[in-house]
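This briefing goes through selected local features of one chain. Please look over the sequence and the model before reading on.

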Amino acid sequence: MTELPTAVLGRTGLEVTRLGYGAGHRKPMTEEENRAMVRRVVDSGINLIDTANDYGNSEEMIGLAISDRYSEVTVSTKCGCSPRGHSWSRDNLFRGLDESLERLKTDRIDIMQTHGGSVQDFEQNGTVEALVEMREQGLVNWIGVSTNLPHLPTFIEWGVFDIFQLPYSALDRTHEEWITKAAESGAGILIRGGVALGEPGVGKGSSSEWHAFEDAGLDELREDGESRTAFVLRFVTSLPSAHCNLVGTTNPAHLRENIDAMLRGPLPDDVYAEAKRRIDSVGVSPSPV
């Protein structure tokens, strides 16, 4: 098993690998392929897996593959999903919780997040109260929200969320300063979109977003043999408050590449500073707090 770098996930105290596995697959897999991939992830040393109630059969495959190995991993999932879209009511949140418990073959969820939702949604539906109730009943250990601006500042002020899942990459630095602010509040930070779905032609990223990589001249900063995707992954890891970077793949070779990139560690300080300067120059800058 590979010894990946770790970080403490805020006030949860959980020591998680800085590379997590995002189990929202975009490529169809057979059940056996899916289960094998989940087992491969855990065997590789990754100890945080992120899924959701509406990620197809993802929760079922995790439960079938590793329910006997939950002592080795932290599993985060999401609620608020429903067959008719999203609903932030207590009834729908608990309905999703019950489904997730059954699918994951467990009696307690490590991290339960809402799958989006605005400040107004939560205030009108008593969403936070429902999450707190889940925790008080011992059905979940930690509560969080998968969110973004403009909702994030208010959610931080509420001081109730243990986890924030936020979008961030070298190609989308909007939340960079807010990620640090959220971490300073004591919350654990999960990063989604950290490799911008991977370079087009290799991953599923969009050419329009990846143009920023070329426009900023980041190829000149890559180490010999380092892919663009690996460089972007290391860029995210260079932000200390980005505790865990969730990267999904159905390709074992890509999983190995991601692990190898993490083992190389964050970018050198001078390279990181120059990368940010170049990215700023093409207009991919963080929003001020």
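Is Arg278 buried or exposed, and what is its relative accessible area? Arg278 is buried, because its relative accessible area of 16% falls under the 20% limit. The model is predicted.

**Salt bridges**

- The count of salt bridges in the model comes to 23.
- Side chains of opposite charge can pair when their charged atoms come close.
- Lys78 and Asp50 form one of these through their side chains, with 2.6 Å from N to O.
- Lys78 belongs to strand β5 (residues 74–79) and Asp50 to strand β4 (residues 48–50), so this pair ties together parts 28 residues apart in sequence.
- Lys78 and Asp50 are both buried.
- Glu133 and Arg90 also meet in a salt bridge, at 2.7 Å from N to O.
- This pair links distant parts of the chain, since Glu133 sits in helix α5 (residues 127–136) and Arg90 in helix α3, 43 residues apart.
- Glu133 counts as partly exposed because its relative accessibility is 24%, and Arg90 counts as partly exposed because its value is 36%.
- Arg278 pairs with Glu274 through a side-chain salt bridge of 2.8 Å, N to O.
- Both Arg278 and Glu274 are in helix α11 (residues 269–281), where they are four residues apart, or about one turn of the helix.
- Glu274, with a relative accessible area of 22%, is partly exposed, whereas Arg278 is buried.

**Contact of helix α2 with helix α3**

- The axes of helix α2 (residues 58–66) and helix α3 (residues 90–104) come within 7 Å and cross at roughly 35 degrees.
- On the α2 side the contact uses Glu59, Glu60, Ile62 and Gly63, and on the α3 side Ser100, Arg103 and Leu104.
- By class, the residues of this contact are two nonpolar, two polar and three charged.
- A network of salt bridges links Glu59, Glu60, Arg95, Glu99 and Arg103.

**Cavity**

- Rolling a probe the size of a water molecule over the atoms shows where empty space is left.
- The count comes to one cavity of 30 Å³ or more.
- The volume of the largest cavity is about 30 Å³.
- Its lining consists of Leu19, Gly20, Tyr21, Ile46, Val247, Thr249, Leu255 and Asn258.
- Two or more lining residues come from each of β3 (19–22) and α10 (252–264).
- Strand β3 supplies the largest share of the lining, three residues.
- The lining of the largest cavity has five nonpolar and three polar residues, with no charged residues.

**Backbone features**

- Most residues other than glycine have a negative phi, and most peptide bonds are trans.
- Leu149 and Pro150 are joined by a cis peptide bond, with omega at about 10 degrees.
- Pro150 lies in the loop between β9 (140–146) and α6 (152–158).
- Lys105 is not a glycine, yet has a positive phi of about 60 degrees.
- Lys105 is placed in the loop between α3 and β8 (109–115).
- Lys105 is partly exposed because its relative accessible area is 48%.

Key
Residues are numbered from 1 along each chain as its sequence is written. This is a predicted model: local features need pLDDT of at least 70, side-chain atom pairs count only at pLDDT 80 or more; totals for chains, interfaces and linings use all residues. Side-chain values use heavy atoms; hydrogens and water are left out. Axes are lines fitted to C-alpha atoms, for helices over the stretch in contact, and angles run from 0 to 180 degrees between N-to-C directions. Contact means heavy atoms within 4.5 Å. Ala, Val, Leu, Ile, Met, Phe, Trp, Tyr, Cys and Pro count as nonpolar, Asp, Glu, Lys and Arg as charged, and the others, Gly among them, as polar. On a 1 Å grid over the protein atoms alone, a cavity is a set of points where a 1.4 Å probe fits but cannot get out, and a pocket is an open set with protein on both sides within 12 Å along at least five of seven lines; lining residues have an atom within 4 Å of a point. Grid points are joined across faces, edges and corners, and a volume is the space filled by probe spheres set on the points. A salt bridge is a side-chain nitrogen of Lys or Arg within 4 Å of a carboxyl oxygen of Asp or Glu. Buried means under 20% relative accessible area, exposed over 50%, partly exposed in between (1.4 Å probe, protein chains only).
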